[in-house]
Amino acid sequence: MLGKSIFRDDAHGKVTGSALYPGDIEKDHFLHAKLLFTGQPHARMIRMDTAAAEAVPGVVCILKAEDVPVNEHGLVMLDQPVMVGLNSKKPFSDVSRWEGDRAAMIVAETEEAAARARDLIEIEWEQLPVVTSPVEAMRDETIIHGEEPSNVYKHYRIRKGEMAAGWAAADVIVEETYQVPMQEHAYLQPEAGVSYIDEEGRVTVEVAGQWTHEDQTLIAHALDIPKEQVRVIYPAIGGAFGGREDMSVQIVLALASQRLREMGINRPVRIQWTREESVIGHHKRHAVTIHTRWGAAKTGELTAIEVEMILDAGSYNCTSNKVLGNAHLTVAGPYRIPNAHIDSYAVYTNNCPGGAFRGFGAPQGCFVAESQMNKLAIALGIDPVELRLKNVLREGEASITDTPLPAGISIKTVIEQCADKFEEPFSGAQVLPRSFQSLPADPKALRRGRGFACALKNIGFSFGFPERSEAYVELRGRGEIDRVVVRHAGADVGQGAHTAFKQMVAEAVGVPYEKVEGVFSDTAYTGDSGSASASRLTWMTGNAIRGAVEKALTLWKQEERPAVGFFRYQPPPTEMLDDKTGKSNPNITYGYVAEAVDVTVDIETGHITIDRVVCANDVGRAVNPNLIEGQIEGAVVQAFGYAVTENLQSKNGHILNPRFSTYLIPGIRDVPQKVESLIIEEPDPQGPWGVRGMAEMPFIPLAPAITAALYDATGVWFNELPLTPGNVRMRLKNTLVPDLT
Amino acid sequence: MQITITVNGTTHTRDVEPRTLLVDFLRDHLGLTGTNIGCDTSQCGACTIHMDSQSVKSCTVLAVQADGADLTTIEGLANGSLHPMQQAFWDNHGLQCGYCTPGMIMSATKLVEGNPGISEAEIRHGLEGNICRCTGYQNIVKAVQQAAGEMGGD
Ligand code: FES
Ligand code: FES
């Protein structure tokens, strides 16, 4: 069953329109809700008057900060109020730190009535200084979270080797500053959800998320009720990419249902965000500024690196401290670096919060590491592929945290295979194998170039997080197993997870795929699966499924009918970085990837076209090759958006372009014409059947591969993203490309 | 205002407010939620349907403008068995989250009409108004090409 491109189960509903996304769910006697955002990047609420709003015909109730039993949430730190407002028991809840903070939830008979009431809520604010620059925030002249001593709330270090010796051994030093921007997830389905009290009296929320049990935990915490009284169900999910990890409508919907119950009203509530609300109201990929120096000997060996990284966490932590940790480690790339000095800071500002987004800190870290390697290659006169091969970590060698990476390091393989594959069509030409030399320039304004980059990314949650995944497998039948039912919470955000789960169950039990049924993503029937993120879901679930199947088969042999096996998989524990040196075993395991691109740039317009992409991604064992190719193709296009087209603009804490008309996600004509996926299968010793996590990896190296190709084409390095035509044109002009008029 | 619209072969007469968008009419009045809404600015194409044998973004049309029109939505495309375009999206993994899929399929079916040998460039040109955030479009192009051949120019 593994290795087969089974057609996904959910496709029938999706091609016929019968699939139900959260906004499609129909219930009798719906009430409708609207959320009021504060629109205030930094201000203290002085007065809020809802009298006029409450008088709007059809308004049922208006929920405010004072109505939230425990007015706090957050995936890692509870630093975010459910609602900003007066008379909350939680200190500092009267301060809005983000334009997307919520001030009120209006429940009414119709959407129109709720919207009208929302417009009539009057709030008086005392303006506070809006801090949008992390560097300015680091001076602590304005403290954004009153309970914190400083806006700099997380600082990681690496202190490895002897820096003086490292610099002394360097023949070449490359010193640069990089700036990478925010990115919006732009999943096509804007946030929506319904809530009601189910037949067992549970506050029930149907919503698109990434981790049912975490939603359940955070709802229960805010409502101050036991978890068992909260139920979370995921219907079809219209994309996620990390953007649905944090709480959007989950808690406020549950709060509304709880309030309606208290009022004796037994009616479901629904909410639907617009695109604009979605962009304003959820976190983004982090903007990061990095200053760095890398040294290498003339033979190519890296001798030392020094990094200072400042991550704009925005107004709330979300997962910023974890993202920072990943960026902090990936900034060293998959390389052997004897001497390193790295300082990374997460800083609160009044910008939109940064949080999880495919790659989770690795795209930022990797952009730096790979840009530095490409520059060193030029400075040293060594082929960029060869330079990498000289420096990549091998089994047992000390990584940046001074401990070896977990066994199964395949970075060398992915680099070699990517380079070899890329060269295929050129083998007749005078180009040397694996060489990444310039392509001949086209006449007129078109220049062509070629670039290479690679990356590593952890699989699963890091830094001591208690990782786990629970699965139930039920074997039915008498003499023979007729049917197998798997119960698992893991979210199918569009990647096809549920199809892959069933394939793994069929493989483990030894029955055809058709005999497997799934009950998914409902806390009433499933155990905690952990999140659909960190490239962890197939990996963790596979291990949980194997355990559950083994137990079920044992019971089956003991004549139990049905035979139900439950298993809670827990991978080996990880560690937080040592405060002073960073020494640790921070991660469970890793995935490896390399990408090569051919790019054409029009130096007069600054317009970039990607002619070809080869992505070599080690997936350990391909459960479903077509689904994997889909992840690679999709990730590359999202990374193209990150690198080239997407330009989220923010001023004084307000996002200026929260619409698809001005925030340009790649369309079918913008994208790389051809993404060639090279699926590599070097087993992960800890993965189920050797599986490795893979869905974030193809995103990560694309941006630095593109900037390398741009350098190849123009002789100009680009240290800032995005590479919009305007930005490219401006930089080319400023750096005086000889024949640019 | 009272309007009469035929959707997927059934004629409906309803009272609507003049400002009601056609997409909201389909979803909220008729319960046809296969037509999705992905944006507020007519960019994404998730809401694409057929109106009097043209594909239109139903968020850019008022319900009253569709008075007397003959509409097909994604729910009306299959005729006993799946339409070749639906089957091709399934077979070629032309979808992930699936939110763009109804709109893609409705745009694509019109696009390939009369053009069984449609080229990749023509497909990309014709689907410019439909955004997909998940797939990278490659499998969508494959699906459309396969279906075009099977539809044989119908
Ligand atoms: S909903 Fe986006 S174009 Fe109609
Ligand atoms: S499949 Fe998700 S938007 Fe196209």
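The model is predicted: local features need pLDDT of at least 70, side-chain atom pairs count only at pLDDT 80 or more, and totals for chains, interfaces and linings use all residues. Residues are numbered from 1 along each chain as its sequence is written, and chains are lettered from A and ligands numbered from 1 in the order in which they are written.

The C-alpha trace of chain A spans about 80 × 75 × 50 Å along its principal axes. Chain A has a radius of gyration of 26 Å, which agrees with the value near 27 Å that a compact globule of 741 residues would have. This radius is taken over C-alpha atoms, and the globule rule is 2.2 Å times the number of residues to the power 0.38. Of the 741 residues in chain A, 60% are buried. A residue is buried if 20 or more other C-beta atoms lie within 10 Å of its own, exposed if 12 or fewer, and partly exposed in between, with C-beta atoms placed from the backbone. Two residues are in contact if their C-beta atoms, placed from the backbone, lie within 7 Å. Among contacts in chain A between residues at least 6 apart in sequence, those joining residues at least 24 apart account for 78%.

One open sheet of chain A is made of 5 strands in the order S7-S15-S14-S13-S8, with mixed pairing; two strands pair if DSSP finds at least two bridges between them. Its edge strands, S7 (152-160) and S8 (172-180) of chain A, each pair on one side only. On average, neighbouring strands of this sheet are turned by 5° against each other, direction ignored. Within the sheet, strand S13 (residues 288-296) and strand S14 (residues 302-314) of chain A run antiparallel and are joined by 9 bridges. Thr292(A) has Val307(A) in S14(A) as its bridge partner. Helix H10 (residues 362-380) of chain A lies across S8 and S13 of chain A and runs at about 145° to S8(A). For such angles, axes are lines fitted to C-alpha atoms, for helices over the stretch in contact, and values run from 0 to 180 degrees between N-to-C directions.

Several residues of chain A were examined individually. Glu126(A) is placed in strand S6 (residues 122-127) of chain A and counts as exposed because it has 12 C-beta neighbours inside 10 Å. Apart from neighbours within four places in sequence, Glu126(A) is in contact with Ala43(A), Arg44(A) and Ile46(A). Glu126(A) lies 40 Å from Tyr21(A), C-alpha to C-alpha, and the two are 105 residues apart in sequence.

Positive phi values occur at two residues that are not glycine, Phe92(A), at about 65°, and Ser535(A), near 50°. Phe92(A) sits in the loop between strand S3 (59-63) and strand S4 (95-96) of chain A, and counts as partly exposed because 16 C-beta neighbours lie inside 10 Å. Ser535(A) is in the loop between strand S19 (516-520) and H14 of chain A; with 26 C-beta neighbours inside 10 Å, Ser535(A) counts as buried.

One joins Arg561(A) and Pro562(A), with omega about -15°. Pro562(A) lies in the loop between helix H14 (537-557) and strand S20 (563-569) of chain A. The other runs from Leu721(A) to Pro722(A), with omega near -5°, and Pro722(A) is in the loop between helix H16 (702-714) and helix H17 (725-734) of chain A.

Chain B is divided into domain 1 (2-76) and domain 2 (84-151), with bounds that come from an automatic or database domain assignment. Their C-alpha centres lie 21 Å apart. The contact between the domains takes 15 residues from domain 1 and 11 residues from domain 2 of chain B.

Between the chains, 43 residues of chain A are in contact with 41 residues of chain B. Helix H1 (11-16), helix H8 (275-281) and helix H15 (625-645) of chain A each supply at least two residues of the side of chain A that touches chain B. H15(A) gives the most to this side, with 7 residues.

Technical notes: Helix = DSSP H or I, 4+ residues; strand = E, 2+ residues; numbered from the N terminus.
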